[in-house]
Amino acid sequence: MLEVLNHPLISHKLTQMRNKETGTKDFRENLDEIAELMAYEVCRDLPTRPIKVETPMGPCTCRTLSREVVIVPILRAGIGLLDGIRRLVPTAKVGFVGLYRDEETLQPKEYFAKFPEGLDEAVVMIVDPMLATGGSAVAAIDTVKKRGAKTIKLVCLVGVPEGIKTVQEAHPDVDIYLAAEDEGLNENGFIVPGLGDAGDRIFGTK
Ligand code: PRP
C-alpha cells in the first residue's frame, strides 16, 4: 500500500523545506510539524481494545491503543521526524538503525542498530525524510524483520518511483506513507526536485 498524504498544511510546510533559502532552524521546525501531521494519518488504522473507565458521570467502556508502537528513525536524518510522531504517540518506544549511503556505489552500510524488546508484537514505523533508491529503507526493513517485526510502516517525506518500486518489490507487506512523490533521481542518486540532503540541512553540516 502506498499513500501520498496530500494535505494543504503538509504541502505548504514542504514547500518551505524545498526552498534552498530556508535555513536550518526553519527546515527542522517544518519537518517536525509535518511529522506530527503525518503521524495522525499513519496511525489511522492502529488497533484499539475496549477498556472500562469511570467518568465523573459513571462507568464507560471506551477504547485504548492495543498494540505497542515502535518508531525507528534511520540515522541521521530520520531523527528529524521522531519528536513530531512522539508528540502524538507518547507511549511509543524508539529503536535506531544507522545507515549511510556509500557515495560511489549508493549501497547502504549499517553502522548502528539498537531496538527495544517486542518488535514482533509492535507496529513498527521506520522513518526517514528521503526515499531515494530505496536501498536504505529496504536495509532498515530487513534489519527489523530479522528481529521479528511483522507489522511495518515506512514513513518518508519525499519519495520517487524508483525507491517506491524497490521497497514494494522487496517488502510488499510494508505500507509506505509519503508527503510527496517526486519526479526521480539525478545521476548522483539525489531526489529531484527534492529538498537537497535532508541530513545536512537538519544538522547544519553543509
Ligand atoms: C539519506 C537519507 C536516506 C537515504 C536515502 O541518508 O536520509 O537515509 O539517504 O537514500 P536511498 O533511498 O538511496 O538509500 P544519507 O546516506 O545522506 O545519511 P544521513 O541521514 O546521515 O545524512
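Colleague: Which residues lie nearest the centre of the largest pocket?

Modeller: Tyr 100, Arg 101, Phe 190, Asp 197 and Gly 199 do, out of 29 residues that line the largest pocket. A pocket here is an open set of points on a 1 Å grid over the protein atoms alone, where a 1.4 Å probe fits, with protein on both sides within 12 Å along at least five of seven lines, and lining residues have an atom within 4 Å of a point. Please keep in mind that this is a predicted model, where local features need pLDDT of at least 70, side-chain atom pairs count only at pLDDT 80 or more, and totals for chains, interfaces and linings use all residues. Residues are numbered from 1 along each chain as its sequence is written, and side-chain values use heavy atoms, with hydrogens and water left out.

Colleague: And what is the lining of the largest pocket like by class?

Modeller: That lining has 14 nonpolar, 8 polar and 7 charged residues, where Asp, Glu, Lys and Arg count as charged, Ala, Val, Leu, Ile, Met, Phe, Trp, Tyr, Cys and Pro as nonpolar, and the others, Gly among them, as polar.

Colleague: Switching to the ligand, which residues come nearest?

Modeller: Of the 15 residues around the ligand, Arg 101, Asp 128, Thr 133, Gly 134 and Ser 136 come nearest, and a residue counts as near if one of its heavy atoms lies within 4 Å.

Colleague: How far is the polar side-chain atom of Ser 136 from an oxygen atom of the ligand?

Modeller: The distance is 2.6 Å for Ser 136, while a side-chain N or O atom of Arg 76 is 2.9 Å from a ligand oxygen, and a polar backbone atom of Ala 132 is also 2.9 Å from a ligand oxygen.

Colleague: Now Asp 182: buried or exposed?

Modeller: Asp 182 counts as buried because its relative accessibility is 7%, and buried means under 20% relative accessible area with a 1.4 Å probe, protein chains only. Asp 182 sits in the loop between strand E10 (175–181) and strand E11 (184–185), strands being DSSP runs of at least two residues, numbered from the N terminus.

Colleague: What does the side chain of Asp 182 reach?

Modeller: The side chain reaches the backbone nitrogen of Gly 194 at 2.7 Å. Leaving out residues up to four places away in sequence, Asp 182 touches several others, including Arg 18, Val 158 and Pro 193, where contact means heavy atoms within 4.5 Å.

Terms used. Helices (H or I, at least four residues) and strands (E, at least two) are DSSP runs, numbered from the N terminus. Buried means under 20% relative accessible area, exposed over 50%, partly exposed in between (1.4 Å probe, protein chains only). A polar contact is a pair of N or O atoms within 3.5 Å; within protein, one must be able to donate a hydrogen and the other to accept it, and residues adjacent in sequence count only if both atoms are side-chain atoms.
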